[in-house]
Amino acid sequence: MKTLAELAQAAARVRAEELELWVSEGWVEATLVETEWQFTEAAEARVHLICDLRHDMAVNDEAIPLILDLMDQLYATRRQLKALAAAVEAQPEDIRQLVQEAVTAKAKSI
Amino acid sequence: MPTNDPYAVLGVDRKASQDEIRKAYRSLSKKFHPDLNPGKKDAEDRFKEVGAAYGLLSDPEKRARFDRGEIDAAGQERPSQRTFYRQYADGAPGGGPQGGGPGGAGHAQAEGFASQEDLEDFLGGMFGGGGGPFRGGPGAGAGGAGGARFRARGPDMSYSLRIDFIDAVKGATKRITLPDDSALDVRIPPGTADRQTLRLKGKGGGGFGGGEPGDAFVEVHVQPHAFFTRKDENIHLELPVTLKEAVLGAKVRTPTVDGPVMLAVPKGANTGDTLRLKGKGVPAKGDRPGEERRGDQYVTLKVVLPDAPDAALEDFCRDWQPAEDDPRRHMGVGQKAGGRTEGAA
């Protein structure tokens, strides 16, 4: 966990006021502990990503929530897909075979 | 080596302007940013490579030195310890931080299946290799590696399990409910110690494409018992006995992990005396294969007076003239009267 000031210092490419704005915009999640915002490691990684988007990729601030939203949807789908994959893998061999054939047949018709 | 040439990495001409270099970098970092490419294993390496190339070529001084052959591209690579967001968001243990996902539940935590390779490989295997239909549409599968089915051993899983003292000594079978509501039966062998890790072969995550499953590792936490304690292979117990039982000797019922047994308290037994119940301790593997040993139970006696005042005992003590009655003589305090009486409330 890092405080807002610690994270702003570690990230270097973002100012504390901007971070505060990102939290209020919902770009990054933070927990309010007493009067201090606390950021998890995951939130920190997300802050770095937003910095990459803004600085390295010249994405403007209007487009960032759109990208984050699509990205969150992508990761949610991947987690669901992973759960599904694990569930299929837990089945006996013959059922896995059937699922695989069904998926392959379906994929060909897409 | 093309990867060592920053110009080749960015796909720009050696005479490219700073503007062209920046444009190439922007476009490539969009393409390879690992967080925007959770399914591409090599995205992180490519992204770092692109970043390193840009770091070199965006600095006119470094670029000039590289062009003159004074520095090489590899020397410029920034050592990056950075953790990308996809490592948290992609269903790692604990679930997604934003939007929440089915993460590890309760005390059970999946260690496997967190790496994205598993999912990609699984899907690759499922769709017959070659990137699958999502990328190339019908027929694209033909470009795959001859339809070879991917096989991989399943991930290992770690769990922790709390068990009773007696179950740890005597052995038991316990059921763990996994995050996906399936159950795992764990055989606790007799003599299991606290913090011991049991390995259940093949009970971890399923393998891919017919690969063998991983193992489950269960760390056992033994709960303390109300009156037994354990020291290696032996069990210790403090057993209260009455004054009468201690003075006259008696046979008293004593708990053991196998149930109560009769213990002979010798005449004149005292607090602190320790008796041994042979073979009532913890089962242990012998020195030779197949040999089973078992520790002992040590019973330490504790003489206790009746909870309620006993008039008969008081009368007896008043008239009693013991031959030797100073248990404090080794503490250097005499029998003589003197000193203040300090009463404890």
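A: A salt bridge here is a side-chain nitrogen of Lys or Arg within 4 Å of a carboxyl oxygen of Asp or Glu. Please keep in mind that this is a predicted model. By that cut-off, the structure holds 25 salt bridges over all chains.

Let's start with the pair formed by Glu44(A) and Lys2(A), whose side chains meet with 3.1 Å between N and O. How do the two partners sit, buried or exposed? Glu44(A) has a relative accessible area of 16%, so this residue is buried, the limit being under 20%. Lys2(A), at 26% relative accessibility, counts as partly exposed.

Now for the sheet that holds Lys2(A). In chain A, three strands make an open sheet with antiparallel pairing, in the order S1-S3-S2. Its edge strands are S1 (2–3) and S2 (31–33) of chain A, each of which pairs on one side only. Strand S3 (residues 36–39) of chain A is joined to S1(A) by two bridges in the antiparallel sense. Here Lys2(A) stands opposite Phe39(A), and Thr3(A) has Gln38(A) as its bridge partner.

On to chain B, where Arg175(B) and Asp185(B) form a salt bridge with their closest N and O atoms 2.8 Å apart. This pair links distant parts of the chain, ten residues apart: Arg175(B) is in strand S2 (residues 172–177) and Asp185(B) in strand S3 (residues 183–188) of chain B. Arg175(B) is exposed, at 57% relative accessible area, whereas Asp185(B) is partly exposed, at 40%.

Another pair in chain B is Asp258(B) with Lys280(B), the closest N and O atoms being 3.5 Å apart. Both partners lie in loops, 22 residues apart: Asp258(B) between strands S8 (250–254) and S9 (261–265), and Lys280(B) between strands S10 (274–277) and S11 (283–285) of chain B. Asp258(B) is partly exposed, with 35% relative accessible area, and Lys280(B) also counts as partly exposed, at 23%.

Chain B has an open sheet of three strands as well, in the order S1-S5-S4 and with mixed pairing. S1 (157–163) and S4 (197–200) of chain B are its edge strands, each pairing on one side only. From one strand to the next, the twist averages 25°. S1(B) and strand S5 (residues 216–222) of chain B run parallel and are joined by seven bridges; in S5(B), His221(B) is the bridge partner of Arg162(B).

Finally, a word on a nonpolar feature. Leu243(B), Val247(B), Leu248(B) and Leu305(B) form a surface patch with about 360 Å² of accessible area together. Leu248(B) lies in helix H9 (residues 243–248) of chain B and counts as exposed, at 53% relative accessibility.

Definitions and conventions:
Residues are numbered from 1 along each chain as its sequence is written. Chains are lettered from A and ligands numbered from 1 in the order in which they are written. This is a predicted model: local features need pLDDT of at least 70, side-chain atom pairs count only at pLDDT 80 or more; totals for chains, interfaces and linings use all residues. Side-chain values use heavy atoms; hydrogens and water are left out. Two strands pair if DSSP finds at least two bridges between them. Helices (H or I, at least four residues) and strands (E, at least two) are DSSP runs, numbered from the N terminus. Axes are lines fitted to C-alpha atoms, for helices over the stretch in contact, and angles run from 0 to 180 degrees between N-to-C directions. Patches are made of residues with over 30% relative accessible area and no salt bridge: like charges are joined within 9 Å, nonpolar side chains (Val, Leu, Ile, Met, Phe, Trp, Tyr) within 5 Å. Accessible areas come from the Shrake-Rupley method with a 1.4 Å probe; for residues, only the protein chains shown count as cover. Buried means under 20% relative accessible area, exposed over 50%, partly exposed in between (1.4 Å probe, protein chains only).
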